[in-house]
Amino acid sequence: MRYAYLGPEGTFTEAALRALKPDAPDAARVPYPGVDSVFAAVRRGDVDGGTVPLENSVEGGVTATIAELINGDPLLIAAEAALPVEFTLFAREASAIADVKRVATHPHALAQCRGWLAHHLPDAEVFTVSSTAAAAQSVAEPGSPYDAAICARIAGERYGLRALAQGVGDRDDAATRFVHLVRPQPLPEPTGADRTSLVAFISDDHPGALVELLNQFAVRGVNLTRLESRPTGDGLGRYCFCLDADGHVAEPAVGEALMGLRRLCKDVRFLGSFPRAEADTELTPFMPTRGTTSADFYEAQEWLARIRAGEVV
């Protein structure tokens, strides 16, 4: 088995893949230069799966990942991981903070470190690259145009750099959610702590269109954990909606909600039902309202079957 991830070596995404596939040997983890190339490798069958970042607790959704999930040949999310994100300022040996004039990092890392940079390196220019590990790799190269990189500790150490400052993020509770992608295949069985992801394309723009979509979940007691609008690319004002819901498509409440969306929407792209990340277990569990548990749905289905069979009592 071979697995792609957003590289180069030393990214937070590599750490997420290691958490998701702890038994995979080093040779099975293949770095790719961009999110799009990870998706392409999985779609072509060059690898058995691929891990990419999906959203950050500070900066929000990762645009490149969401765009690939919406467009192109469908892939499924088979698993997810949520990792704490801590940034370190690394530079070449013998460098000091006073020497830092040009800093490289990833756009999401920059968004999480702006306050620290403004306070400690107010005159430094900051440049964005494809990943924090790519920033560290570039700084380590001879003749690099950058003096320092903001990256994960594993990246700085891997490329032989020296830490100038630790914990340079503006929030110490920042976390990033990563997803593991596979080609369409049978879904994992429900675990009782699952998440279902999908993209809904509304049929036409009219008052209440989004409410109609959301009501499919609300009336069935399905809790939504993410709702994000994204342009479809078909022109200004054309949007689709990326949703995450608690539960598994095999459960009646979630399944019926998806059927309701399919009746209302122009299209629904199913992205997978999979176990929620362990970090979610620390949250207060959502309690289904009366009449919306799986047992309630099964009992109602059995009652309707008896009615249809003429067993009116």
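Phe 12 is buried, at 15% relative accessible area (buried is under 20%, exposed over 50%, partly exposed in between; 1.4 Å probe, protein chains only). This is a predicted model: local features need pLDDT of at least 70, side-chain atom pairs count only at pLDDT 80 or more, and totals for chains, interfaces and linings use all residues. Residues are numbered from 1 along each chain as its sequence is written, and side-chain values use heavy atoms, without hydrogens and water.

The structure holds two aromatic pairs (Phe, Tyr or Trp rings, the six-membered one for Trp, with centres within 6.5 Å; planes under 30 degrees apart are stacked, over 60 edge-to-face, the rest tilted). Phe 12 and Phe 87 form an edge-to-face pair, 5.5 Å centre to centre with 85° between the planes. Phe 12 sits in helix H1 and Phe 87 in the loop between strands E5 and E6, so the pair ties together parts 75 residues apart in sequence (helices, H or I, of at least four residues and strands, E, of at least two are DSSP runs, numbered from the N terminus). Phe 87 is buried, at 3%.

## The tilted pair

Phe 127 and Tyr 146 have ring centres 5.7 Å apart and planes at 45°, so this pair is tilted. Phe 127 lies in strand E8 and Tyr 146 in the loop between helix H5 and strand E9. Phe 127 is partly exposed at 24%. Tyr 146 is buried at 13%.

## Pro 84

Pro 84 is in strand E5. Its relative accessibility is 67%, which counts as exposed. Pro 84 touches Ala 174 and Ala 175, leaving aside residues up to four places away in sequence (contact means heavy atoms within 4.5 Å).
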